[in-house]
Amino acid sequence: MPTKRKSKAKRPPLTRSQVMSRVRGKDTKPEMAVRRALWAAGYRYRLHAKDLPGRPDIVFRSRKIAIFVHGCFWHGHEGCPGHRIPKSRSEWWAAKIARNKARDAEVRGELEGMGWTVMVVWECEATKSFRCEAILLRVPLTELHHKVAFPNMPLLQS
């Protein structure tokens with residue numbers, strides 16, 4: 001005799017507010033990928049420094065380097081497929097992303113004014129074609145540490 005299948009009750013779709021409440025600000029997948037790469041390369045860092053403007057995601061205090069891992073949608077990564085304005089309430093979203101970009105520029109200016117080096121790693125760099133070396137080579141390091149961490153890679157001069 002065939003067994004009866006239990007029908008699953010369909011859940012109503014989430015409201016915009018419920019969806020947005022699930023968006024995380026810390027420990028996102030792209031941020032975790034960058035952190036794992038830095039840790040595997042032997043870098044030790046601090047997270048979400050509350051005493052710095054913008055609360056950078058990753059901080060190297062001794063080198064005065066602040067790294068922000070930006071989501072392509074939220075921070076308006078131009079030319080990236082992850083950045084597109086939603087069709088509903090497009091004017092509001094465009095204004096919101098413009099405010100985010102203005103705030104990012106202000107925070108970057110404050111940190112650079114304090115003598116910090118600011119780096120931005122975009123979500124698309126950290127997830128889709130993630131290469132540990134590509135991101136790590138952008139971190140300004142001493143030549144000695146670079147030779148130890150990446151013996152087969154030339155040091156990029158900027």
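Student: How many aromatic pairs does the count come to by this rule?

Tutor: Seven aromatic pairs, in what is a predicted model, where local features need pLDDT of at least 70, side-chain atom pairs count only at pLDDT 80 or more, and totals for chains, interfaces and linings use all residues. Residues are numbered from 1 along each chain as its sequence is written, and side-chain values use heavy atoms, with hydrogens and water left out. As for the rule, rings of Phe, Tyr and Trp (its six-membered ring) pair if their centres lie within 6.5 Å; planes under 30 degrees apart are stacked, over 60 edge-to-face, and the rest tilted.

Student: What makes the pair Phe73 and Trp74 edge-to-face?

Tutor: Their ring centres are 5.0 Å apart and the planes sit at 80°, so edge-to-face it is.

Student: Why does Trp74 count as partly exposed?

Tutor: Buried means under 20% relative accessible area, exposed over 50%, and partly exposed in between (1.4 Å probe, protein chains only). Trp74 has 25% relative accessibility, so it counts as partly exposed.

Student: How do you know that the charged end of Arg44 sits over the ring of Trp39?

Tutor: The test wants NZ of Lys or CZ of Arg within 6 Å of the ring centre and within 35 degrees of the ring normal. Arg44 is 3.6 Å from the centre of the Trp39 ring. Arg89 lies over the face of Trp92 too, at 4.7 Å from the ring centre.

Student: Which aromatic cluster does Trp39 belong to?

Tutor: Trp39 forms one aromatic cluster with Tyr43, Tyr45 and Phe60.
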